[in-house]
Amino acid sequence: MTGPPLLAVEQLSVDLPTPRGPLRAVDEVDLELEGGRTLGIVGESGSGKTMLSRAILQLMPRRARIGGRVLFDGRDLTRLDAEALRRLRGRSIAVVFQDPMTSLNPVLTIGRQIAETLREHLEIDASAAATRAIELLADVGIPAPKQRLRQYPHQLSGGMRQRVAIAIALSCEPRLLIADEPTTALDVTVQAQILDLLDRERQRRDMAMILITHDLGIVAGRTDEVAVMYAGRIVERAPTARLFKAMCMPYTEALLAAIPKLDAPPHTPLAVISGRPPDPTQPFRGCAFAPRCRYRAERCADQRPSLIPADPSGHRYACWHPISPRAA
Amino acid sequence: MAALDVEVEQIAATPARRGRRVFWLAIAWIAMVVAAAIAADWLPLASPSDIDLMARRAGPSPDHWLGTDALGRDILSRLVFGARISLTVGLIAPLLGLFIGGPLGMLAGYFRGRIETLVVGGIDVLLAFPPLVLALAITTYLGQSVLNITITLGILSIPSLTRVARAATLSFADREFVTAARALGASHRRILMRELLPNIALPLIAFFLLVVAVIIVIEGALSFLGLGVPAPAPSWGGMIAEGRDSLDTAPSIAFLPAGAMFLTVLAFNIIGDRVRALTDPRQGAL
Amino acid sequence: MLGFVGRRLVYLVPVLIAVSLLTFLVAALLPGDLAVAMLADEATPEKMAALRSEMGLDQPLVLQYLHWLGGALAGDLGRSLRTGEKVLSAILQRLPVTLELMLFAQLIALAIGVPVGILCAVRNGGAFDRLMTAIAFGKLSVPAFMLAIVLIYVFSVTLKWLPATGYVPLDEDVVGNLRSFVLPAVTLGFGEWPVLMRVLRSDMIATLQEDYIAMARAKGLKRWRILLVHALKPSSLTLVTVTGINIGRLIGGTVLVETIFALPGIGRLLIGAINTRDFVVLQGVVLFVATGFVLVNFVVDILYGVLDPRIRYGRA
């Protein structure tokens, strides 16, 4: 770990005005990511993880208020003008969205959608862009790439479409790839393929990646570090192996327990986390998870725990009653 | 009529406008115009058809509050009497359409099947004619008079009101309270009158108001072409046409009736729009 | 696809027949006697009888209708009572003027409506949007003839830039021809742009919220490219439909505008026929216009089906 991190998010907050009052979607988040490493962000729906990814790219709705800083390669993205941001997007930072059926334009051909990114950022002509597009489609494992250029998104299967989206994201050799729930909209059988593809490409290109998901199982083995989000805050962060071995925050434990186990006896009830995430328009003191936490105490409702290190490995957690390291 | 249709549907597609003041201003204007039109005979106005060649194109004066037109006739009184024509046609013709088209649409939407096909087919045929053209043709054959014009425009307003009634009925007809009524053995007539009619009344009235606005415009167009209510009865459209020749010397002769018509039509649009906003739950005040 | 077109065609024929029937009936059922109306002062019993049998007015209504319809299908809409000219050729002679007017009007409507619609969609809820919405709403209350008067007052009477009436044929003087169309086309076009703009605006607002627009921004594409290529294309379907419907409205509007600005088009022919009580011309023009209207709507329907496959296969 040498030099400053590629991406550094400092005290990032996002507030959205709603008729019922301002909604705090992201609450003072700190993150770092080195070049070439993978960060997993895990959280349930509404935890703010998608908003976080949009905030990094400065793609918020017009009315959103952003606090804090997002440093990419030393530059503060929150202070950049629109044109500079535009040149950055797609080129240095790329995104893969969750649902390729809606993230690809249905009335434009695949070739067009790949080529326009290339031509925008790399200033190459149409035929060079087409050639490159075919290469990219082959890279991501799409058969008969030449024919695909003229096809429309609805003519491909879900997995194929996501591959196209990945091809588009990789087209300009970005330094950072943000994959926002890339497999959630896909069949289980296809999910592994897509994740493997992302893995492979990342290694080939020595790209940094942020993998956003609600499924703890996905980040195991595929990420270097994991951050767990709840109610807009990061509640635990650790190198992946450490997290699974010695998780501290009860929420993380509950998340892990909620994954159905294949080898459990039949009719085992699914472990659920009771209750619901807090209403983000109501500011709350104390720990956001407290109402649903089975270890909760007086202090948890009153005082907000900040992230404190658990050990020198970079493992941090925010909890007044961390779970003691479990016996294996 | 297609113009009526699309135009009114477009108005209906706009989000409800906020502005209570505007709404009440509109009501006030309509009330004033209606009152003036009804009380025209008893108001201290000059006669609308008195020609005074000595006082042509005169500006406002104690005798003529809004001046005179090219033939020396008092503009204010012509405006008031013209309001009578516009309002009479503008209100009665759509009522005709409402009382024929409303039930037709309800029956079509409720019974479906052959009745619906017949009604919809009939509407399409009427809608196949550009409205102004059909109005012109019919009034030519029938002759120009307030009654004939009212009937003609009434016929022309039937299709769009039928459509609205049918659409509203369709949206309510398979709701549970109708099924419940049927299960209780209610007759068709009872269902139609007691269950459906109260529910579609409001959207129908909202649409009706918008139709009024359009009819006033069409009547104005007919009068403008000289093919509406026959002279010497004053009408706003006719006044605008007459004022055209005096645009260079006394533009107010044309612009005063134009302004009156504009305000009246606008007022009906605003009121109709507000009523429609009341009925549409999607646009409800939140 | 063929099935779709076929279905629409099958529906088309009865409508056309009904249109012709209605056109005929309106004329045939007029109170009073056509022969009397035509001969007016010169009416004598013999002349009336002769005229009636010449015009076939003494035959049963059904036969009259079929006779007339047969003639119409063969291209014979009769001859003008006033000039003796063949009705169809009179119509065809004036058709180019009307078409030119409609074309310009539609172009003006698009030229104003599309950019304003896009801008309003992009700045949804902003000051510009609210202003334009208010103007569009107000514009619905200003009929064509009122606008024409205002325009004439401003541009002809006060500024003296443009002629108030008068038509210059295209082959005589192109500039003069275009000048004579400016005010009429603006009058008509101005009536249409609010509708276009409202429809495009709401369509684009919906489109702009789609994921693929966010994706396009995430790809770092230029703003105008996103708007014009990614956002406009999916919204163009409704644009086409509204334009098609507009053509129908325009047909009615040309009647007024041609009369006000003295353009020798079909609308003026119609009004002229009404004023001179030339029933043959009137009937022929109404039939022609209504048929054209139905056919235009038919084409719009087909086009809609072509552009959106969901319509083809049943209710969308």
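What radius of gyration does chain A have, and what would a compact globule with 328 residues have?

## Chain A

In this predicted model, chain A has a radius of gyration of 21 Å, which agrees with the value near 20 Å that a compact globule of 328 residues would have. Along the principal axes, the C-alpha atoms of chain A fill a box of roughly 65 × 50 × 45 Å.

The secondary structure of chain A consists of 12 helices and 12 strands. Of the 328 residues in chain A, 43% are buried. Among the contacts of chain A between residues at least 6 apart in sequence, 65% connect residues at least 24 apart.

## Chain C

Chain C contains 13 helices and 0 strands; read from the N terminus, its elements run α-α-α-α-α-α-α-α-α-α-α-α-α. Buried residues account for 39% of the 316 residues of chain C. For contacts in chain C with a separation of 6 or more, 70% involve residues 24 or more positions apart.

## Contact between chains C and B

Chain C and chain B each contribute 40 residues to their contact. On the side of chain C that touches chain B, the elements giving two or more residues are helix H1 (2-28), helix H6 (127-139), helix H7 (144-158), helix H8 (174-208), helix H10 (223-261), helix H11 (266-275) and helix H12 (279-307) of chain C. The largest share of this side, 8 residues, is supplied by H10(C).

By residue class, the side of chain C that touches chain B comprises 31 nonpolar, 7 polar and 2 charged residues.

How values were computed. Residues numbered from 1 in each chain as written. Chains lettered and ligands numbered in written order. Predicted model: local features only at pLDDT ≥ 70, side-chain atom pairs only at ≥ 80, totals over all residues. Helix = DSSP H or I, 4+ residues; strand = E, 2+ residues; numbered from the N terminus. Buried ≥ 20, exposed ≤ 12 C-beta atoms within 10 Å, placed from the backbone. Contact = placed C-beta atoms within 7 Å. Rg over C-alpha atoms; globule rule 2.2 N^0.38 Å. Nonpolar A, V, L, I, M, F, W, Y, C, P; charged D, E, K, R; others polar.
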